[in-house]
Amino acid sequence: MALTRRRSPARRESPTRLIAGGFAMVLLVGTGLLMTPLASVGGTVTAFVPALFTATSAVSVTGLAVVDTATHWSTFGQVVILALIQIGGLGVMALASLLGLIVAGRIGLRLQLVAQTETRTPTLAGGRTVVLRIISISLAVETAVAVALTLRFWLHYDNGLGRAAYLGIFHAVSAYNNAGFALFSDNLIGFSSDALILGPIALALVIGGLGLPVIVEVLRAIRRARADAGAPRRFTLHTRLTLITYAGLAVIGVVAIIATEWANPATLGPMDWWSKLVAGTFSGLSPRTAGFNAIDIGGMHTQSLLVTDVLMFIGGGSAGTAGGIKVTTFALLAFVIYSEVRGEPNVHALGRKIAPEVQRQAITVALMGVGAVMASTLALQYLTPFRLDDVLMESISAFATVGLSTGITPKLPAAAQLILVVLMFVGRIGPITLASALALRERSRRYDRPEERPIIG
């Protein structure tokens with residue numbers, strides 16, 4: 001008599017595990033495709049570590065590169081990278097949900113739960129519609145930016161219409177998904193004074209970095225304003241926190257970079273005042289977390305590198321294409337500190353009380369991010385001869401899925417590159433799945449321990 005073994009509830013796959021498995025599967029497929037002779041310009045087989053690193057950087061929408069995207073990869077290889085960027089930005093499970101809608105006309109309950117977890121949708125009803133919103137908004141923004149870039153590459157630069165369209169589409173997708181991959185060996189340094197190139201790219205990375213919930217709410221408010229000018233337009237706490245914090249950090253980043261690098265002969269110094277403003281503004285926005293660079297990151301002052309590190313670590317909005325610990329996490333931690341300093345028993349933010357479990361989630365996400373960056377930075381210091389500024393930026397850039405680098409990425413040994421691979425993978429799914437897992441595991445205790453107060457500070 002055959003006995004069947006029932007899987008215990010504790011061993012059932014959670015949505016977060018399925019998300020990690022989905023990204024890992026796409027990552028392995030992408031690595032295999034990039035190792036084929038078709039993917040390289042010379043028709044040679046790319047080694048496993050560079051192919052794995054590039055695929056991870058693309059699917060995690062990071063942008064770090066160990067080989068030159070413009071000269072090493074063939075058109076086929078670049079298209080594979082573009083596909084990985086799109087899949088990584090939109091979300092593996094969101095795309096799987098869309099496929100289920102197309103093929104079967106519905107989404108199964110299990111896939112709904114996974115898509116709900118990945119896109120941070122509060123209800124299943126929202127989970128069924130959020131997938132189509134993700135696709136429609138993404139394609140609309142990418143199309144608009146691609147058209148603007150195509151026209152600029154075609155009419156102002158010496159490119160045929162086909163080449164201009166290819167450049168426009170690639171950089172539009174890379175920008176909206178905050179990937180930072182470019183088809184130029186110097187990234188976007190050659191366009192440092194061209195506002196009609198950097199402007200649409202900056203707009204795309206900001207929209208993608210704000211997150212779907214914020215975009216949907218803003219669009220809904222615009223529609224209501226058109227229908228009824230007197231209708232109230234009160235945003236949710238999440239949207240207000242995201243918009244205010246994102247805007248504040250963007251202003252700080254732009255002002256700090258322009259002020260610090262204005263006279264630096266290695267970055268903004270040789271430019272005229274207009275080019276300084278264009279390149280400086282773009283350099284202040286890019287760390288949120290696009291990874292494009294219009295100036296030489298390796299030539300920046302130490303102060304600018306530190307500002308960039310902080311902006312990268314914070315990142316962009318939740319449920320978007322940006323990485324980092326997210327601006328809402330940073331804002332909530334600021335309100336926690338403010339309430340504690342004032343001696344208030346509860347934490348309030350913009351007229352709303354913040355639940356204790358949300359505070360714990362924010363603290364956990366931030367501290368785990370700090371731990372991952374510090375551990376990897378220490379490991380890179382042991383494995384490489386580079387200075388602390390360089391390896392710290394490399395670690396934060398990988399964890400926050402940014403892609404900015406002082407230029408040391410191709411020079412790292414294989415062991416160091418594999419550490420960055422792990423960081424990029426964790427950075428793409430870690431903060432999201434961690435917050436979701438904490439919410440899913442929430443439970444009440446049947447009893448509590450005696451209370452005691454250790455000394456703090």
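Reader: How far apart are the closest N and O atoms of the salt bridge that Arg387 forms with Asp390?

Author: This is a predicted model, in which local features need pLDDT of at least 70, side-chain atom pairs count only at pLDDT 80 or more, and totals for chains, interfaces and linings use all residues. Residues are numbered from 1 along each chain as its sequence is written, and side-chain values use heavy atoms, with hydrogens and water left out. A salt bridge is defined here as a side-chain nitrogen of Lys or Arg within 4 Å of a carboxyl oxygen of Asp or Glu. Between Arg387 and Asp390, the closest N and O atoms are separated by 3.2 Å.

Reader: Is Asp390 buried or exposed?

Author: A residue is buried under 20% relative accessible area, exposed over 50%, and partly exposed in between (1.4 Å probe, protein chains only). The relative accessibility of Asp390 is 9%, so this residue counts as buried.

Reader: How many residues of helix H16 are buried?

Author: Helices are DSSP runs (H or I, at least four residues), numbered from the N terminus, as strands are (E, at least two). Helix H16 covers residues 388-399, and among its buried residues are Asp390, Leu392 and Phe399. The helix is mostly covered, the buried count being 10 of its 12 residues.

Reader: Which salt bridge do the side chains of Arg342 and Glu344 form, and at what N to O distance?

Author: Side chains of opposite charge can pair when their charged atoms come close. Arg342 is exposed, with 52% relative accessible area, while Glu344 is partly exposed at 28%. Their side chains meet in a salt bridge with an N to O distance of 2.9 Å.

Reader: Which helix gives the most to the nonpolar patch?

Author: Patches consist of residues with over 30% relative accessible area and no salt bridge, like charges being joined within 9 Å and nonpolar side chains (Val, Leu, Ile, Met, Phe, Trp, Tyr) within 5 Å. Met25, Val29, Leu33, Leu38 and Phe76 make a nonpolar surface patch of about 490 Å², with areas from the Shrake-Rupley method and a 1.4 Å probe, only the protein chains shown counting as cover for residues. Met25, for example, is exposed at 58% relative accessible area. With 3 residues, the helix that gives the most is H1.

Methods:
The expected span of a helix is 1.5 Å times one less than its number of residues.
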